[in-house]
Amino acid sequence: MKPVNWKTLPGQEDITRMVFSNGITLLARSNFNSPSVSISGYLAAGSMFDPLDRLGLADFTAMCLMRGTQERNFQEIYDQLESAGASLGLGASVHNVSFGGRALVEDLPLLLGLLSEALRQPIFPPEQVERLRAQLLTSLGIRNQDTGDLADMAFDEILFPNHPYGRPEDGHPETIQAITRDDLADFHRRHYGPGSLVLVIVGAVDAQQAIDQVQVALGDWSNPALEPLPVLPPLHDLAEGIRRHIPVPGKYQTDLLIGTNGPRRGSPDFMPASLGNSILGQFGMMGRIGDVVREKAGLAYSASTSLSAFIDAGVWEVSAGVNPANLQRAIDLILQELQRFIQEPVTMEELRDSQANYIGQLPLSLESNGGVVNALLKIERFQLGLDYYRRYPDLVEAVTPELALETARRYWHLERLAIVSAGPDLYEEL
Amino acid sequence: MDSVTKEQLPGGLTVHLKEIHTAPIISHWVWYWVGSRNEKPGATGLSHWVEHMQFKGTPIFPTSVLDKAIAREGGVWNAFTHLDWTTYYETLPADKIDLALRLEADRMFNSLFDPEEVEAERTVILSEREGGENEPLFRLGEAIQIAAFHTHPYGHEIIGYLEDLMRIQRDDLYRHYRSYYVPQNALIAVAGDFKTEDMLARLSKLYAEQEGGARSGARSRTLSDASLPQTGAAVAAKAGAEVIPAEPPAREEQYVEVSGPGETTFLQIAYRSPAASNPDFFGLTVLDSLLSGPTSINLFGGGGISNKTSRLYRALVERDLAVSVHGGMQATIDPFLYEVHITVHSQHKPQEVMKAFDDQVKRLQDERVSGQEIKRAIKQARALFAYGTESITNQASWLGFAEMFASYEWFTSYVERLAAITPDDVQRIAQTYLTPLNRVTGVYLPTGESVEEGSEEDEPDEAG
């Protein structure tokens, strides 16, 4: 089974990939259907480098880069961007700092020029640092009474203790308060360099133009002081089941997460797990979980599952937002479905439906420049190969119900789950 | 703009078609002129609940088949209920589109509204509302809408009030569906990789087949007496049109206060603003670009840009009175609200923010903005529109969306109409609309209750 016009999907002959002499990797694909261009990318300067007493340092640094450079101050940067109707932003996750931007194609040099300055020549003006700090602290205050965020944080901490995956990239109020302006400049000096930079450009520009413009903006960047990547602690699967409830005052709904470790992106388990996940809690009105929790029991407006696969680990979880009085009933229903999921294989019909969905949806996900950018970032980040989207239908179709079951059993151990809820106080005994 | 075909089918259904051959995709939208605007006190939330029930099956597409049908073909779909309209869309690979056409034609006429499904959906909608109530800004927004509209149905949230959601019965929903889900009250918009003659022929055939069970009656397009200066409400009502009571002019400035958990104070300033069909809508859009930054009105893919060079950002955020500010309007049939949202800095009080805000409004009223500033706002609008054209789904959405409150020409001439705005226009708009009498100011005051990090304890899970 191939999608309609599968040859129009990105492939070796229309994706340009080149590595510059300073290590920067560029991927580019043209799209002349709209006079705009999207850029995105990352480099290895993420929260994996955060000291424990300065959690949030990588993110704070990334967000401060555009607050003033050696060439332009804050107002000049934003005046030039906003006058062009363009956008550019940066932020940190665990391994990487990611960036993204968009402009009309004639403003691509502006965008790349600003990106280059932000990455290479930030000056961290003290007034801007303090202003940004106040904004970050306000965000943390809002996070601190958001049931979804609180459940997510607790869940990650349980799954990945003593590891950057288990710590929030935006830190905590105390750690953000502790970070100084010099910490930011120091972090930048030690961790920002071209060697790990990946840049993707999609839009109304041909490959040679993209290459030339990147060469001008970033081709001569080097950082001899760059430090090596950290050695991260080993990861372990959950050793026992954990139940945690976070009481949050003044709320009307409880956020619930039930989950476990999942495959990392490079694992051969990924595709069978992904299709299993689709059946379990995504396909149609959110799969079996949506059917049982929302459609049949009416317990939740949102009930679904997700599979998140990172470089070194993964998460497989069920989430729902429920009335506090229905919390235990929702937990019981979900556990029942999980039991069924690892007891018997999914049906051929269920599997075929999800396979058809994956293959059919591929052209739709590549409709816009942003969609193509994300597709190219994915194949580079996880080293999937330039021909990945041409091979994709075969990878999807190779999964059988038996393979999906065998894979699900490797991850879902119902006696070793993390069950986290955040919302009004629990009244009953667990 | 590429050409658009507009037709009206014999049963009264309006059809807009636009061929786009850049990708093998088709996006199909059905729009109904019904939203929270059409709801009376005691029955708020009807339109949104009817939208939910549209996913609960017909005889040909029972609920278990419906929810999987589109996904199986690799499509994406969704639905939205808004103030003035309800819409259902599907985007599919071009060779699979017939499923969407059949599905929408079927559920326009044949949804079952099974009583058990109605009850199951009651708790789902209550859950959706509870999710909203968890958010300070939902509660603040609701309080402001209530204060801004005492008469007009825009005063209640689209999801409806809790009391009404507990009270509404199956027959209420079914009656609402049969009244508004009629071909004369619907518009179908399709954009993508098809041939116009073929698509038109297919739609004609499909809806002619359904017309066997069609309901009669004049088009139930609703009017408000504010838009009937000549004929008047009585005449319109006699002609069978539903008339929505207009909101009378405000007689005093209003304040609302909401409190709840957290540490952060939120301010929301809402001015009664012109309807989309009022020429002043464009002047106020330009004003807002200067005051709080440009807003994208695309339903999809337009995204936005930052607003750090806007007047309010410079006056509030760069002076450390606020940590963020955003503003915008919505395109509506009747006058709605121009809203500015401000997150107050933890070291300052809302009164200080209001003073600085009022200074910026006065500046717009007393001094004309420069032609240069307006030119900049136009360039921003052009860029945001260009981003929207990347997506066939977004282009398809505009074929129908603009017809809900004006016409497709409203969309095609949008940037040109903005470009015609002069500094004098902006000054007059500021003087006319940004008056204290014309606004509702809302503040969310935190009680300081918050979660102490690390306060929770783990328990080993014995559920197994």
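Select Arg102(B) and Asp98(B) in helix H3 (residues 98–109) of chain B; because they are four residues apart in this helix, about one helical turn separates them. Helices (H or I, at least four residues) and strands (E, at least two) are DSSP runs, numbered from the N terminus. Arg102(B) forms a salt bridge with Asp98(B), with 3.4 Å between the closest N and O atoms. A salt bridge is a side-chain nitrogen of Lys or Arg within 4 Å of a carboxyl oxygen of Asp or Glu. Arg102(B) counts as partly exposed at 36% relative accessibility, and Asp98(B) is partly exposed at 28%. In these terms, buried means under 20% relative accessible area, exposed over 50%, and partly exposed in between (1.4 Å probe, protein chains only).

The model on the screen is predicted: local features need pLDDT of at least 70, and side-chain atom pairs count only at pLDDT 80 or more, whereas totals for chains, interfaces and linings use all residues. Residues are numbered from 1 along each chain as its sequence is written, chains are lettered from A and ligands numbered from 1 in the order in which they are written, and side-chain values use heavy atoms, with hydrogens and water left out.

**Chain B as a whole**

**Strand E13 of chain B**

Now select strand E13 (residues 439–446) of chain B. Six of its eight residues are buried, so the strand is largely enclosed by the rest of the structure. Which strands lie beside E13(B)? Strand E9 (residues 254–260) of chain B runs parallel to E13(B) and is joined to it by seven bridges, while strand E10 (residues 266–273) of chain B pairs with E13(B) in the antiparallel sense over six bridges. Two strands pair if DSSP finds at least two bridges between them. Highlight Val443(B) in E13(B): Glu257(B) is a bridge partner of this residue, and Leu267(B) stands opposite it.

At residue 439 of the strand, select Arg439(B) together with Asp358(B). These two form a salt bridge, with the closest N and O atoms 3.0 Å apart. Arg439(B) lies in strand E13 and Asp358(B) in helix H12 (residues 350–366) of chain B, so the pair ties together parts that are 81 residues apart in sequence. Arg439(B) counts as buried at 5% relative accessibility, whereas Asp358(B) is partly exposed at 30%.

Move to Ser292(B), found in helix H10 (residues 280–292) of chain B. Is Ser292(B) buried or exposed? Ser292(B) is buried, with a relative accessible area of 3%. Its side chain makes a polar contact of 2.6 Å with that of Asp288(B), and also reaches the backbone nitrogen of Gly327(B) at 3.3 Å. A polar contact is a pair of N or O atoms within 3.5 Å; within protein, one must be able to donate a hydrogen and the other to accept it, and residues adjacent in sequence count only if both atoms are side-chain atoms.

Then select Asp425(B) in helix H17 (residues 423–433) of chain B. Its side chain reaches the backbone nitrogen of Thr422(B) at 2.8 Å. The C-alpha atoms of Asp425(B) and Gly283(B) are 6.4 Å apart, although 142 residues separate the two along the chain.

**The interface with chain A**

Display both chains. In this view, 78 residues of chain B are in contact (heavy atoms within 4.5 Å) with 81 residues of chain A. How many salt bridges are counted between chain B and chain A? The count is six. One of them joins the side chains of Lys379(B) and Asp107(A) at 3.3 Å, N to O. Another salt bridge to select is that of Arg376(B) and Asp79(A), at 3.0 Å, N to O. Arg376(B) lies in helix H13 of chain B and Asp79(A) in helix H2 (residues 74–83) of chain A, so this pair joins two chains.

**Strand E10 of chain A**

Finish at strand E10 (residues 314–322) of chain A, which is largely enclosed by the rest of the structure, because eight of its nine residues are buried. Strand E8 (residues 254–262) of chain A is antiparallel to E10(A), with nine bridges. Strand E9 (residues 300–309) of chain A also pairs with E10(A) in the antiparallel sense, over eight bridges, and the two form a hairpin with four residues between them.
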